[in-house]
Amino acid sequence: MTTDTETDVFEEHRPVLLGVAYRMLGRVADAEDVVQEAWLRWSGADRSEVREPRGYLVRMTTRLAIDRLRQVKARGETYVGPWLPEPYVTDFGQTVPDSAERAVLADSVSLAVLVVLESLSPLERAVFVLREAFGYPYAEIAAMLDRGEAAVRQLAGRARKHVDERRPRYDVDPTQRRDLTERFLAAAAGGDLEGLMSLLAPEVRLVGDSGGKAKAPLRVLETADKVGRFIVGAARKGVAELSWRFLEINGGPAVLALSGDKPDSVFQLDVVDGRIQAVYIIRNPDKLTALATA
């Protein structure tokens, strides 16, 4: 049996554990499964020699996430169309007062970065997440992963170089992103192609994730003309009983579109120098289930 104290300790660290697992897996359900497995192991473990519960729990969660990620890669799962992470509701603006720390956390969980992390090996991804998002020293990461510190530094350097080469640049100012998102929605809803085009960067990209289970482009759309015309055309077709609300998703403002009371899609924009550089649309219903009560 577990005591209230043991439960309280785990619950105190649950947000961090979920944050690690989600960044490792890009899937909310898988992250929650990993954290639940960590809880089961914690509740049955001999904790008499555990001096630092947070480090112990992060190590356990990281190892479980690595195992889960290896299983997914081993299955060689195929995905219909572009893949985006499952939307993850964050609230850094309310829970992280330090703006610099908030920016780091938001970047580490952004859709753009998580897409890049998919191309890392499980160990590279673990080292990158623990170092870049949570600031763990190399020595602690080495202990968590049963690797030498020199090897961990090599993994970190390789992962950081890979991410830096592929990570799109974007502005993290939430006020500006919110303003552009509102103008984007107004232009799309009004069928204002010219107004929409004025918001889009010339080489804007639209990435639609449907998993083959909803209507969305099966390839990434590029250029303002193609993206603008697609958005206006999709808006004209409409969604039954459409409503929307703003949420903080993956560290930035996003729009949850609903059909009646059922989640239909999530929209999020990446912005650079006041222009929209990327439009992300997640319509795979399997990835929207958790947002029904968001």
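Ser108 is buried, with a relative accessible area of 7%, where buried means under 20% relative accessible area, exposed over 50% and partly exposed in between, computed with a 1.4 Å probe and protein chains only. The structure shown is a predicted model, in which local features need pLDDT of at least 70 and side-chain atom pairs count only at pLDDT 80 or more, while totals for chains, interfaces and linings use all residues. Residues are numbered from 1 along each chain as its sequence is written, and side-chain values use heavy atoms, with hydrogens and water left out.

Ser108 belongs to helix H5 (residues 99-108); helices (H or I, at least four residues) and strands (E, at least two) are DSSP runs, numbered from the N terminus. The side chain of Ser108 makes a polar contact of 2.8 Å with the side chain of Arg23, a polar contact being a pair of N or O atoms within 3.5 Å, of which, within protein, one must be able to donate a hydrogen and the other to accept it, and residues adjacent in sequence count only if both atoms are side-chain atoms. Arg23 is placed in helix H1 and is buried too, with a relative accessible area of 3%. A polar atom of the Arg23 side chain also lies 3.1 Å from the backbone oxygen of Gly19.

Rings of Phe, Tyr and Trp (its six-membered ring) pair if their centres lie within 6.5 Å, and planes under 30 degrees apart count as stacked, over 60 as edge-to-face and the rest as tilted. By this rule there are three aromatic pairs. In one of them, the ring centres of Tyr22 and Tyr88 are 4.3 Å apart and the planes stand at 25°, so the pair is stacked.

Arg131 lies over the face of Tyr138, 4.2 Å from the ring centre, and the charged end of Arg178 sits over the ring of Phe246, 3.7 Å from its centre.

Finally, Leu242, in strand E3 (residues 242-249), is partly exposed, with a relative accessible area of 42%.

Definitions and conventions: Lys NZ or Arg CZ within 6 Å of the ring centre and 35° of its normal.
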